[in-house]
Amino acid sequence: MAEHTPDYPPRTPPPPKRPLSPPRPEASLQGARARMQVRNRRSANWSLEAAPWSARKATGHVLDRLHEWGYREADQAAADLTDLLVRTAVADGGRRVSVHLADQDRQALIVALSHQPGLAVTDDAVLPELTALGAVACGTDTADDGRRLWAILPL
């Protein structure tokens, strides 16, 4: 018996219903900074108007939250660091500042963001002052969205 060959072409799969996406362009990180992420620890943040009274209000928020978390030993250092961080962020001239607080291993991370775009360079003159107030580590950086200042305080 002879093998039968079909007289029509084999069935081809239908075309995709949606066109394939073009490859994503490589993103340039020049002038950008990584978003701040705080994971696996307690954290809090506040957004405040950039005004002369903002440092005092931020200090109250930070101390209240540290007390809720059971830390009372470093009140003066936490207050002084928060005050300096926020006053420096307010001096950048933005409309608002935000303060972020996190704790881990009996240390507190306090961050102030100025949200003032267009700052040319990072001003690190405040770092020796932060260290003198009790910060075991501190830093600052500037990006298109403003300046970020941070300090780590042992609790």
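Predicted model: local features only at pLDDT ≥ 70, side-chain atom pairs only at ≥ 80, totals over all residues.
**Core.** I looked up the largest nonpolar core first. It has 35 residues. Leu-66, Val-86, Leu-101 and Leu-130 have the most contacts inside it. Three helices, α1 (54-68), α2 (75-91) and α3 (127-132), each supply at least two residues. So do the strands β1 (43-49), β2 (96-104), β3 (107-113) and β5 (146-154). The biggest share comes from α2, with 9 residues.

**Leu-101.** I listed the contacts of Leu-101, leaving out residues up to four places away in sequence.

**Helix α1.** I compared the length of α1 with expectation. Its 15 residues should span 21 Å at 1.5 Å a residue, and the end C-alpha atoms are 21 Å apart, so the two agree.

Next I asked which residues of α1 are buried. They are Ser-54, Ala-55, Ala-58, Thr-59, Val-62, Leu-63 and Leu-66. These cover an arc of only 155° around the axis, so they lie on the same side of α1. On the other side, Arg-56 and Glu-68 are exposed.

I also asked what the buried residues of α1 pack against. Their partners are β1, α2, β2 and β3.

**After the helix.** I checked the backbone just past α1. Gly-70 takes a positive phi there, of about 95°.

Conventions: Residues numbered from 1 in each chain as written. Heavy atoms only, no water. Core = buried A, V, L, I, M, F, W, Y, C linked by side-chain atoms within 4.5 Å. Buried < 20%, exposed > 50% of the residue type's maximum accessible area, 1.4 Å probe, protein only. Helix = DSSP H or I, 4+ residues; strand = E, 2+ residues; numbered from the N terminus. Contact = heavy atoms within 4.5 Å. Expected span 1.5 Å × (residues − 1). Arc of directions from axis to C-beta.
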